[in-house]
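Please look over the model below with these notes beside it.

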Amino acid sequence: QVHVVESGGGSVQPGGSLRLSCTASGILSSIYTMGWYRQAPGPQRELVATISSGGSPNYADSVKGRFSISRNNANDTVWLQMDSLKPEDTAVYYCKAGPDNIDSRAPTFWGQGTQVTVSL
């Protein structure tokens with residue numbers, strides 16, 4: 001079955017950097033977009049960055065110029081390089097794997113989340 005596992009979270013000071021990693025085993029990687037979403041305390045989970053199976057990235061306005069998403073050649077692992085971190089970046093970061101085609105009947109999978117804390 002499919003497993004999505006994130007790692008790389010931690011606690012840093014403002015201006016610091018972290019690199020998150022996510023591996024999605026068992027997905028049809030040739031047609032799946034992978035990306036990162038985050039959830040601060042509260043009900044809302046917001047998009048951070050995604051990268052399609054063809055390598056096309058998409059970023060939230062709040063992280064453009066600071067975060068960079070990349071994907072391996074096998075298309076089963078995605079990284080999020082986070083630089084110039086701000087306190088408002090503090091959240092649980094979740095990895096998502098879903099079909100490139102939003103109308104596809106293929107399922108979407110989520111990881112368990114990894115905590116990122118940015119504070120003095």
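1. Four-stranded sheet. An open sheet of 4 strands runs in the order E1-E3-E8-E7, with antiparallel pairing. E1 and E7 are the edge strands, each pairing on one side only. From one strand to the next, the twist averages 15 degrees; axes are lines fitted to C-alpha atoms, for helices over the stretch in contact, and angles run from 0 to 180 degrees between N-to-C directions. Strands (E, at least two residues) and helices (H or I, at least four) are DSSP runs numbered from the N terminus. Two strands count as paired if DSSP finds at least two bridges between them.

2. Basis. This is a predicted model: local features need pLDDT of at least 70, side-chain atom pairs count only at pLDDT 80 or more, and totals for chains, interfaces and linings use all residues. Residues are numbered from 1 along each chain as its sequence is written, and side-chain values use heavy atoms, with hydrogens and water left out.

3. E1 (residues 3-7) and E3 (residues 18-25) run antiparallel, joined by 5 bridges. Here valine 4 stands opposite alanine 24 of E3. On to E8 (residues 77-82): its antiparallel pairing with E3 spans 6 bridges. Leucine 20 has leucine 80 as its bridge partner in E8.

4. Disulfide. How many disulfides does a search of the whole structure find? The count is 1, taking a disulfide as a pair of cysteine sulfur atoms within 2.5 Å. The partners are cysteine 22 and cysteine 95, with sulfur atoms 2.0 Å apart. The link ties distant parts of the chain: cysteine 22 lies in E3 and cysteine 95 in E9 (residues 91-99), 73 residues apart. The bond is left-handed, at -85 degrees about S-S. Cysteine 22 counts as buried because its relative accessibility is 0%; buried means under 20% relative accessible area, exposed over 50%, partly exposed in between (1.4 Å probe, protein chains only). Cysteine 95 is also buried, at 0%.

5. Core. The largest nonpolar core has 27 residues. Such a core is a set of buried Ala, Val, Leu, Ile, Met, Phe, Trp, Tyr and Cys residues joined through side-chain atoms within 4.5 Å. Trp36, Leu80, Met82 and Tyr93 have the most contacts inside this core. Strands supplying at least two residues each include E3, E8, E9 and E4 (32-39).

6. Leucine 80. Beyond four places in sequence, leucine 80 touches residues including Leu20, Trp36, Val48, Phe67 and Tyr93. Contact means heavy atoms within 4.5 Å.
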